[in-house]
Amino acid sequence: MKIAVLGTGSVGGALGCRWAQAGHEVFFGARDPNSGEAQAALERAGASARVGTCADAIAAAQAVLLAIPWDQTRSVLQAARSLRGKILMDCINPLTPDLMGVTLGHTTSAAEQIAEWFPEARVVKAFNTLSAATMENPRYGAQNAHVFICGDDEEAKGTVKELAMVLGFEPVECGPLKLARQLEPLAALYVYLAVFQGWGGDCAFRMLKR
């Protein structure tokens, strides 16, 4: 599959490189394609990857991973030539500057806001409750980390589930896109545990049932 990864930091770099290594065509989108960070992600990803502007990456892709800061999201997507029919995998969390909560939540979400701004796209919330370390290696003992997924387009959700499973994650269907109102605050809880409670990035959420 042709995947645009917007952002070459720890999140975009981890998922983009692993998808490339799994055989997908990855096009990293960066503000500065010649930056050391962008070139490092490209080198890690290997021969099936390339890097350019975000607009060029989106134009070449069927699915797009949003791994950029929340305050840049609208302007970056507005610069795209077309988003019609493209799957937008939103792993963005609109965290407060002190990392103690979210700037949106409970009555709306970043994912719903993106869907409102760009109704021609197929927005799926996914990967937002994971650390970069877990994206690199989802295995914890005998179990794999769960990926919580929600969206209003069933076909798009199915594609995202497949993209999660190829990396070793176990997807959890969470329902329509409005459930991002719960997933984004859940990510804030993860950040609190990882940063302020000292858990670090080598921890992950998993649902248990019997």
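Rings of Phe, Tyr and Trp (its six-membered ring) pair if their centres lie within 6.5 Å; planes under 30 degrees apart count as stacked, over 60 as edge-to-face and the rest as tilted. By that rule the structure holds six aromatic pairs. This is a predicted model, in which local features need pLDDT of at least 70 and side-chain atom pairs count only at pLDDT 80 or more, while totals for chains, interfaces and linings use all residues. Residues are numbered from 1 along each chain as its sequence is written, and side-chain values use heavy atoms, with hydrogens and water left out.

**Aromatic pairs**

- The rings of Trp19 and Phe127 have planes at 80° and centres 5.8 Å apart, so this pair is edge-to-face.
- Trp19 lies in helix 1 (residues 10-21) and Phe127 in the loop between strand 6 and helix 6 (132-136), so the pair ties together parts that are 108 residues apart in sequence; helices (H or I, at least four residues) and strands (E, at least two) are DSSP runs, numbered from the N terminus.
- Trp19 counts as buried at 0% relative accessibility, and Phe127 is buried with a relative accessible area of 1%; buried means under 20% relative accessible area, exposed over 50%, and partly exposed in between (1.4 Å probe, protein chains only).
- The rings of Trp70 and Trp117 are stacked, because their centres are 5.5 Å apart and their planes are at 15°.
- Trp70 lies in the loop between strand 4 and helix 4 and Trp117 in helix 5, so their pair ties together parts that are 47 residues apart in sequence.
- Trp117 counts as partly exposed, at 23% relative accessibility.
- Ring pairs also link Trp19, Phe127 and Phe169 into a cluster.

- Eight strands form an open sheet in the order 3-2-1-4-5-6-9-10, with mixed pairing; two strands pair if DSSP finds at least two bridges between them.
- Strand 3 (49-52) and strand 10 (170-173) are the edge strands, each pairing on one side only.
- Strand 5 and strand 6 run parallel and are joined by four bridges, and Ile87 stands opposite Arg122 in strand 6.

**Helices**

- Helix 2 (residues 36-45) lies across strand 2 (25-29) and strand 3, running at about 165° to strand 3; axes are lines fitted to C-alpha atoms, for helices over the stretch in contact, and angles run from 0 to 180 degrees between N-to-C directions.
- In helix 5 (residues 110-117), the buried residues include Ala110, Glu112 and Ile114.
- The buried residues of helix 5 pack against several elements, among them strand 4 (63-66) and helix 8 (180-196), where contact means heavy atoms within 4.5 Å.
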